[in-house]
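Hi there,

Here is the structure I promised to pass on. Have a look at it first, and my notes follow below.

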Amino acid sequence: LLEKLLPSICNEILRTVVAQFSANQLLAQRDQVSERIRTLLSERSAHFNIIIDNLAITELTFMKEYLEAI
């Protein structure tokens with residue numbers, strides 16, 4: 001159950017948070033983005049008795065079209 005549940009929750013939260021920031025903001029405000037993801041993920045996973053201790057964004061990648069545009 002956990003193997004399916006946690007990735008599903010993570011994908012949902014990541015899509016929600018990333019949509020609130022521009023690409024430049026994602027890079028420049030990585031700490032704020034991480035904190036927002038951690039907060040939402042902690043709230044959502046608590047319903048399933050999962051505790052999130054720490055979260056870090058270690059790598060950001062962008063689509064080829066975006067990279068070619070900048």
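**The largest pocket**

The largest pocket holds about 370 Å³ of space. Closest to its centre, among the 18 residues that line it, are Leu 14, Arg 15, Val 18, Ile 37 and Leu 60. Please keep in mind that this is a predicted model.

Which helix gives the largest share of the lining? That is helix 1, with six residues; helix 3 also supplies at least two. By residue type, the lining of this pocket splits into 13 nonpolar, three polar and two charged residues.

**Helix 3 and what covers it**

Helix 3 runs over residues 30–46, and its 17 residues reach 24 Å from the first C-alpha to the last, close to the 24 Å expected. Its buried residues are Val 33, Ser 34, Ile 37, Leu 40, Leu 41, Ser 42 and Ser 45. Helix 1 (2–18) and helix 2 (23–28) are among the elements that cover them.

In soluble globular proteins, nonpolar side chains tend to be buried together. Here the largest nonpolar core has 13 residues, and the most contacts inside it belong to Ile 9, Ile 13, Val 17, Phe 21, Val 33, Ile 37 and Leu 41. Helix 1 and helix 3 are the elements that give this core two or more residues.

Best wishes

Methods
Residues numbered from 1 in each chain as written. Predicted model: local features only at pLDDT ≥ 70, side-chain atom pairs only at ≥ 80, totals over all residues. Heavy atoms only, no water. Helix = DSSP H or I, 4+ residues; strand = E, 2+ residues; numbered from the N terminus. Expected span 1.5 Å × (residues − 1). Buried < 20%, exposed > 50% of the residue type's maximum accessible area, 1.4 Å probe, protein only. Contact = heavy atoms within 4.5 Å. Core = buried A, V, L, I, M, F, W, Y, C linked by side-chain atoms within 4.5 Å. 1 Å grid on protein atoms, 1.4 Å probe; cavity = no way out; pocket = protein on both sides within 12 Å on 5 of 7 lines; lining within 4 Å. Points joined across faces, edges and corners; volume = space filled by probe spheres on them. Nonpolar A, V, L, I, M, F, W, Y, C, P; charged D, E, K, R; others polar.
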